[in-house]
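Biologist: Please take one part of this model and go through it closely, contact by contact. Then set that part against the rest of the chain.

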Amino acid sequence: MKINNVGMTGINPYNLQANKVGNVKESKVNASDKVEISSAAKEMQQLSPIPAARQAKVDELKIQVENGNYKLNSQATAKGLIDFYRK
């Protein structure tokens, strides 16, 4: 059985694929992501009392865990997980 060159004659398909991969790598090197946070969002972060209260709770729990006084309520944890995933 003889196979004749059909389509793109004289072009190695592996070289075509290698060229495509090379072009993708070059474009990724030149691309960069940028995130901008608005001044309103920055202001809300600074004025929010939640992070301070949350940090106090985290510190309290950390001390309890280090001293061995922390007691885990497995039923409350399970209920919280179920409630979260039912929403």
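Modeller: Phe-84 is exposed, and so is Tyr-85 (exposed means over 50% relative accessible area, buried under 20% and partly exposed in between, with a 1.4 Å probe and protein chains only). This is a predicted model, in which local features need pLDDT of at least 70 and side-chain atom pairs count only at pLDDT 80 or more, while totals for chains, interfaces and linings use all residues. Residues are numbered from 1 along each chain as its sequence is written, and side-chain values use heavy atoms, with hydrogens and water left out.

A search of the whole structure gives 1 aromatic pair (rings of Phe, Tyr and Trp, the last by its six-membered ring, with centres within 6.5 Å; planes under 30 degrees apart are stacked, over 60 edge-to-face and the rest tilted). The ring centres of Phe-84 and Tyr-85 are 4.9 Å apart and the planes stand at 85°, so this pair is edge-to-face.

Now helix α4, residues 74–86 (helices are DSSP runs of H or I, at least four residues, and strands runs of E, at least two, numbered from the N terminus). At 1.5 Å a residue its 13 residues should span 18 Å, and the end C-alpha atoms are 18 Å apart, which agrees (the expected span is 1.5 Å times one less than the number of residues).

Within α4, Lys-79 and Asp-83 sit 4 residues apart, about one turn of the helix. Their side chains meet in a salt bridge at 2.8 Å, N to O (a side-chain nitrogen of Lys or Arg within 4 Å of a carboxyl oxygen of Asp or Glu). Lys-79 counts as exposed because its relative accessibility is 52%, whereas Asp-83, at 33%, is partly exposed.

The count by this rule is 2 salt bridges. Lys-34 pairs with Glu-36, their closest N and O atoms being 3.5 Å apart. Lys-34 is exposed at 68% relative accessibility, and Glu-36 is exposed at 64%.

As for the rest, the chain has 4 helices and 0 strands, and its pattern along the sequence reads α-α-α-α. Of its 87 residues, 0% count as buried. The accessible surface of the chain is about 9,000 Å², and 56% of that belongs to carbon and sulfur atoms (by the Shrake-Rupley method with a 1.4 Å probe; for residues, only the protein chains shown count as cover).
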